[in-house]
There are 2 protein chains.
Amino acid sequence: VVRWEPGTKDRLRATALELFAAQGFEQTTAAVIAQAVGLTERTFFRHFADKREVLFDGQSDYLQSFGAGVAAAPPDASPLDMIASALNAAAGLFSEDRRGYARIRRRIIDANPALAERELHKRSLTAANLAAALRSRGVSEPAATLAAESGATAFGIAFTQWTRDDEARPLAEIIADVLDQLRQLATPVH
Amino acid sequence: VVRWEPGTKDRLRATALELFAAQGFEQTTAAVIAQAVGLTERTFFRHFADKREVLFDGQSDYLQSFGAGVAAAPPDASPLDMIASALNAAAGLFSEDRRGYARIRRRIIDANPALAERELHKRSLTAANLAAALRSRGVSEPAATLAAESGATAFGIAFTQWTRDDEARPLAEIIADVLDQLRQLATPVH
């Protein structure tokens, strides 16, 4: 029987983030993280496939939320309405209590080119998932890819803004602002 | 005095593309390309810094054409109008006589992950350049980045379409179609 302490994964994650931020991602091993929580390396690997997964787990829930949002848009929705529904569904995953974690995570990723590359890959998976969801709602190409790329860009801009130290608005409110800007791109600047 | 044969660079490029396509990019050395044209490896390196440059030279002209297009848009232009002007300016670099080259180039790049990565980097440079040009025309953030990313996506879609074997329309005509689709993203699908 495997002993299962509730909260172990959260404790491992919180400690891993502290250590990544303080001494660097490369320099922090799974063994050191586990030890700092009073656990074995083996316990660490029961919760995370590797230390990078501390920063990138939950990806399938994340991607699915965008698809679910597209599916939930009303029948007469435009591609941009579907994108708005997708981004709001994804925003539902990022409640206020996750903002501190997201801030530290961003700093760790910005400091490490390999992690930044992985984050870019996540962005392209988001766009590909969005495009597939739009096509299944009857949006043809190239409109589906154009809307999906715009959606992934808008979410990235809003999410980065949400993690800024001087930003207090909820993610959904920032997304609404960015989507407004997207809708106004056909309006003259002056 | 260096002997300079007009057309040498074009002959090297044409032969390099044939060899890359026939026997693979990795397997083709600069020496083999030069030899196939009856020249020395040293002559090859007078024209190209390395063999990858055969596929990626002219990048600064390419990037500048987008910026020049943004600058040439009328005073009352919207961000999307500026993007349209940028994409049309870039399309001016790709006349019909370059389509055959572009087709072979695409096949070589699609077959080699490192080259595909480099091509992705070119796309992100295009978006960054477009965003800077838009900001200097008074477009604020995040609108500049949203429009620039849409523009880079639209150009990529149109350019890929232009290189398809069954596509005969000029690049500018394909771009106009893709930009129409971009402008209609706020229109209901059904």
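**The interface of chain B and chain A**

In this predicted model, chain B and chain A bury about 2300 Å² between them, with 71% of that area on carbon and sulfur atoms.

Student: What makes this value a buried area?

Tutor: Buried area is the accessible area that two parts lose on being put together, summed over both. The figure of about 2300 Å² is therefore the loss for chain B and chain A together. Leu146(B), Leu185(B) and Val189(B) supply 28% of the area that chain B buries against chain A, more than any other three residues.

Student: How do you know which residues take part in the contact?

Tutor: Contact means heavy atoms within 4.5 Å. The contact takes 31 residues from chain B and 31 residues from chain A.

Student: How many salt bridges does the rule find across the interface?

Tutor: The rule asks for a side-chain nitrogen of Lys or Arg within 4 Å of a carboxyl oxygen of Asp or Glu. Across the interface of chain B and chain A it finds zero. Five residue pairs are, however, in polar contact between the chains. On the side of chain B that touches chain A, α9(B) gives the most, with nine residues. By class, that side has 18 nonpolar, eight polar and five charged residues.

Terms used. Residues numbered from 1 in each chain as written. Chains lettered and ligands numbered in written order. Predicted model: local features only at pLDDT ≥ 70, side-chain atom pairs only at ≥ 80, totals over all residues. Heavy atoms only, no water. Buried area = accessible area lost by both parts, 1.4 Å probe. Polar contact = N/O pair within 3.5 Å; in protein donor to acceptor, adjacent residues only side chain to side chain. Helix = DSSP H or I, 4+ residues; strand = E, 2+ residues; numbered from the N terminus. Nonpolar A, V, L, I, M, F, W, Y, C, P; charged D, E, K, R; others polar.
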